[in-house]
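This report describes the overall architecture of one protein chain. Please examine the sequence and the structure before reading on.

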Amino acid sequence: MSGPHVTTFRDLPRTERLRLTAQGTTHFEDALAELTDDELRAPSLLPGWSRRHLVGHVGHNGAALLRLLDWAETGIPTPMYASPEQRNAEIEESADWEPHRLRSLVTDTADRLDRRWRGLEPRAWAAEVTTAQGRTVPAEETLWMRAREVWVHAVDLGSGSGFSDIPEPVLTGLLADITGKWRTTGTPVDLVLEVDGATPVTVESGTEGAPVTVAGPLHAIVRWAAGRGADGLRAGGDTAPPRWL
């Protein structure tokens, strides 16, 4: 997404990024609080995962990001997860925990993350760490990694939160990430994303044929691009988005 007035999450001062991440954490915790313990057993909006799986994932993600901050502060490599298999196993295991333990995992790791970020030394913010996807990034990136996680997964809980609740800098950051991934991995057709009030975003596929136009408000286009449905789009909703994650 481009245009003279577009600001993404990464463009903001650190104090504002900390605020939006904390706001997203509260938003997720509020969405979780709307659900009874019995309702946690129901499916989430992510195929194959119950709400328990999703809550466990968000809690364990907090612990994984704490390991990256350990790495940044000490220089000793401490990966987010030992392996993809270990990550999946701990999510499956925590899905069987008692509800109060599962809820506490989210709040405890979130509180620890917030304290660590606010006490992090300048050199640690710039220290390079490696994400679970193998990207080498400064520890500063953990703020975006967490903000993206809590804002989107609050929607995935299915307790009433929507993409329209997500602040614009987070939405523009998500769209930049998603379209950037599409440009790297390729798309089956050319895409033109016409976000209301913004310069259209074009993702070229390198194939022949007419481009597909997807049009609507920012939150609806990001929802579609993230694979969460086409509600609110004026055009292009019958086209499945390319895979993102």
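Helices (H or I, at least four residues) and strands (E, at least two) are DSSP runs, numbered from the N terminus. The chain has eight helices and five strands, and along the sequence they follow the pattern α-α-α-α-α-β-β-α-α-β-β-β-α. The radius of gyration of the chain is 18 Å, close to the 18 Å from the globule rule for 245 residues, so the chain is as compact as a globular protein of that length. Here the radius is taken over C-alpha atoms, and the rule is 2.2 Å times the number of residues to the power 0.38.

The model is predicted: local features need pLDDT of at least 70, side-chain atom pairs count only at pLDDT 80 or more, and totals for chains, interfaces and linings use all residues. Residues are numbered from 1 along each chain as its sequence is written, and side-chain values use heavy atoms, with hydrogens and water left out.

| Property of the chain | Value |
|---|---|
| Box filled by C-alpha atoms, along the principal axes | roughly 50 × 45 × 30 Å |
| Residues that count as buried (under 20% relative accessible area, 1.4 Å probe, protein chains only) | 49% of 245 residues |

Contact means heavy atoms within 4.5 Å. Of the contacts in the chain with a separation of 6 or more, 58% come from residues 24 or more positions apart.

Over residues 165–240 the chain is 34% helix and 17% strand, and the end C-alpha atoms are 23 Å apart.

Technical notes:
Buried means under 20% relative accessible area, exposed over 50%, partly exposed in between (1.4 Å probe, protein chains only).
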